[in-house]
Amino acid sequence: MRVAREIRNGSPERVSPFAHARLGEYEPIPISRQKRAFYLRFRVVDRPGIIAAWVKSWRPKRISLDAVLQLPAENKGDLPFVITVEPTPEEAVREAIDQMSSLDFLLEPPLALPMEQSL
């Protein structure tokens with residue numbers, strides 16, 4: 001993604017990280033600590049308090065809600081629910097997902113996908 005961004009939006013004064021003479025001197029940041037926005041999808045049994053339960057597990061990890069999408073559905077026993085969260089370390093999102101997996105309104109393990117910035 002970074003190469004594509006450089007090709008599309010690069011400028012002469014920017015130097016590609018692949019051409020840096022001293023690149024080996026720097027330690028890479030583990031991907032689990034990099035901050036990115038995340039797309040989270042859940043299938044739930046609809047009832048009051050679902051968002052409150054999620055936020056309770058996110059607060060200690062400093063995960064901030066960006067957007068929520070819950071379309072009306074006739075089947076309240078199997079409702080898709082989508083949330084995006086603001087950029088946060090992946091390890092925090094994975095820990096929160098692990099905690100949330102035990103919630104009794106979830107029908108399957110949540111799906112968490114990192115979101116890339118648009119080109």
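User: What are the ground rules for the numbers?
Analyst: This is a predicted model, in which local features need pLDDT of at least 70 and side-chain atom pairs count only at pLDDT 80 or more, while totals for chains, interfaces and linings use all residues. Residues are numbered from 1 along each chain as its sequence is written, and side-chain values use heavy atoms, with hydrogens and water left out.

User: How many helices and strands does the protein chain have, and in what order do the elements run?
Analyst: The protein chain has three helices and four strands. Helices (H or I, at least four residues) and strands (E, at least two) are DSSP runs numbered from the N terminus. From that end the elements run α-β-α-β-β-α-β.

User: What makes strand 2 and strand 4 edge strands?
Analyst: The open sheet of four strands has the order 2-3-1-4, with antiparallel pairing. Strand 2 and strand 4 (111-115) each pair on one side only, and that makes them the edge strands. The twist averages 20° from one strand to the next.

User: Why is Thr 84 called buried?
Analyst: Buried means under 20% relative accessible area, exposed means over 50%, and partly exposed lies in between (1.4 Å probe, protein chains only). Thr 84 has 15% relative accessibility, so Thr 84 counts as buried. Thr 84 is found in strand 3 (residues 79-89).

User: Which residues does Thr 84 touch, not counting residues up to four places away in sequence?
Analyst: Thr 84 touches Phe 38, Tyr 39, Leu 65, Asp 66, Ala 67 and Met 115. Contact means heavy atoms within 4.5 Å.

User: What share of the 119 residues in the protein chain is buried?
Analyst: Buried residues make up 24% of the 119 residues.

User: Why is the pair of Arg 36 and Glu 90 called a salt bridge?
Analyst: A salt bridge is a side-chain nitrogen of Lys or Arg within 4 Å of a carboxyl oxygen of Asp or Glu. The closest N and O atoms of Arg 36 and Glu 90 are 3.0 Å apart, so the pair qualifies. Arg 36 lies in strand 1 and Glu 90 in helix 3 (residues 90-100), so the pair ties together parts that are 54 residues apart in sequence. Arg 36 counts as buried at 14% relative accessibility, and Glu 90 counts as buried at 15%. Arg 36 and Glu 90 are also linked with Arg 94 and Glu 116 in a network of salt bridges.

User: What makes Lys 76 and Asp 46 a salt bridge?
Analyst: The closest N and O atoms of Lys 76 and Asp 46 are 3.9 Å apart, and the distance is within 4 Å, so the pair counts. Lys 76 is in the loop between strand 2 and strand 3, and Asp 46 is in the loop between strand 1 and helix 2, 30 residues apart. Lys 76 is partly exposed at 42% relative accessible area, and Asp 46 counts as partly exposed at 27%.

User: How many salt bridges does the structure hold?
Analyst: The structure holds eight salt bridges. One of them joins Asp 78 to Arg 43, with the closest N and O atoms 2.7 Å apart.

User: What forms the nonpolar patch on the surface?
Analyst: Ile 51, Leu 65 and Val 68 form the patch, with about 200 Å² of accessible area together. Patches are made of residues with over 30% relative accessible area and no salt bridge; like charges are joined within 9 Å, and nonpolar side chains (Val, Leu, Ile, Met, Phe, Trp, Tyr) within 5 Å. Val 68 has 37% relative accessibility, and Val 68 lies in strand 2 (residues 65-69). Accessible areas come from the Shrake-Rupley method with a 1.4 Å probe; for residues, only the protein chains shown count as cover.

Conventions:
Pairing = 2+ DSSP bridges. Axes fitted to C-alpha atoms, helices over the stretch in contact; angles between N-to-C directions.
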